[in-house]
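Trainee: Can we go through the charged pairs in this one? I'd like the cut-offs as we go.

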Amino acid sequence: MEIETLALASLFLIVVTLLWLSATTKPCSTTTPIFPKVYPIIGSAFSIAANDHRRNQWISHILHNSPTATFVLHRPFGSRQIFTANPANVQHILKTHFHIYYKGPTLNSAVGDFLGNGIFNADGDKWKFQRQHSSHEFNTRSLRKFVETVVDDELSNRLIPILSHASKTQTTFHDFQDILQRFTFDNICRIAFGYDPEYLIPSLPETEFAKAFNDGTGISSQRLNAAVPLFWKIKKLLNIGSEKRLRVAISQVRDLATKIIREKKQELKEKNTLESVDLLSRFLSTSLSNEALVSDIIVSFILAGRDTTSAALTWFFWLLSKHPHVEKEVLKEIDEKSEASASAYDEVKDMVYTHGALCESMRLYPPVSTGRKEASNDDVLPDGTFVKKGTRVVYHTYAMGRSEKIWGPDWAEFRPERWLNRVQEDHKWSFQGVDPFTYPVFQAGPRVCLGKEMAFLQMKRMVAGIMRQFKVVPVVADGVEPEYTSTFTSLVKGGLSVRIEARSATKTHSS
């Protein structure tokens, strides 16, 4: 079997080389075509590989120039992948024909080694089971506890002292994104598993787990988007290169998950009742005895709780630095709510302008750039695109957030007011949401994100806690903007360097 696979790979490389020579010896065109050229056998592999470093921007450009905001990407060996930024198609996929579109074997093959059967990768009964038991963690009581105990403690006792020291010593954080990831990692572990990893401490230590988790998400994403998947499969077979690193990373991540599970089992064994029931306790108290599946659940929740929120906030602070009038409005709201609210939860749940600003930030820089499904049967999308059974279908959240057809000619402007209305009686802001199929940042339909409200509450509490005392000042050269890139979640490529400046105690509204 191994010899046959290697022989097939060698033959494929010869074909690719001949086609590449043929393509590169033709006279150069004076204009770059919008839609990728398709070759026999290899499809658009050249274009896919050439644009791998700017995959989101490349696909977005194609979708924005497609009359239906949909196009078919030809992959090697006759495989097809449909991309769409059409809200009608998104509603069809995520809601009206939800029963046809599932995660599917292609996604599972690429990311299953890392995510296993966790909620993001599961279908059918496994998905329903996890969603049902997870939903109990997102009621009002749990959300209030999350904000007033976990987030407030992490903010007051860990993040604020670190930022205060940086402001006094004029220290530059070379990756503010990393600071936020540490914060959200501690939070999700404490609220979901009752475990405190103490990742956000003044020394900001590099941990084996963080590196392993980043390797796991990065390499799994490379698998998923590979121009020629056969190559990573061969490397996996031979246990070399990135596949060897992935295997090590998975082992390290699973070691921590196993440690968390066994500590929780011991706690449940020693105590008749727990002071508080977390997500992990809830799963372990069911008939679920499969430790591997519980480990999968832990990995999925760390991915959701650590990476998405920190990514959203990194871009939010970047945008505020470029739009001082928005920063001023956010500060004004923070002061008003702080004076009028009895608790941290009450303060943040009614921060309407900040909520709109966060929505606007995630429109331009969504924490997850795409959503992927696979068709279990033949189907036809509302725009007339035929979907053959087994075809991968991708709705492109990044492209949708930057679509002039959806958001109008001012789509490129960071304008929180597009999410808000003025209430005539008191001239205060009221939030005006949009169709979730137009703005699928939190998915939509039966698989809509369970943690949406928790994410907003955490982000608003962090924004209020940080901005009340400090100004976050990105350290970038004039005219240089951070680069949006993504694995499972979006990232600022190379991180975001910032300075922390203390705000005047008497004039917090100054930008």
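Mentor: A salt bridge here is a side-chain nitrogen of Lys or Arg within 4 Å of a carboxyl oxygen of Asp or Glu. This is a predicted model, so local features need pLDDT of at least 70 and side-chain atom pairs count only at pLDDT 80 or more, while totals for chains, interfaces and linings use all residues. Residues are numbered from 1 along each chain as its sequence is written, and side-chain values use heavy atoms, with hydrogens and water left out.

Trainee: How many salt bridges does that rule give?

Mentor: The count is 31.

Trainee: Which residues are linked in a network?

Mentor: Salt bridges link Asp153, Glu154, Arg158, Asp186, Arg190 and Asp196.

Trainee: What does Arg158 pair with?

Mentor: Arg158 meets Glu154 at 3.1 Å, N to O, and Asp186 with the closest N and O atoms 3.0 Å apart. Arg158 lies in helix α7 and Asp186 in helix α8 (residues 176-193), so this pair ties together parts 28 residues apart in sequence. Helices are DSSP runs of H or I, at least four residues, numbered from the N terminus.

Trainee: And where does Glu154 lie?

Mentor: In helix α7 as well, four residues from Arg158, about one turn of the helix.

Trainee: Is Arg158 buried or exposed?

Mentor: Buried, as is Asp186. Buried means under 20% relative accessible area, exposed over 50%, partly exposed in between (1.4 Å probe, protein chains only).

Trainee: New topic: where is His92?

Mentor: His92 sits in helix α4 (residues 87-96). His92 counts as buried because its relative accessibility is 7%.

Conventions:
Helix = DSSP H or I, 4+ residues; strand = E, 2+ residues; numbered from the N terminus.
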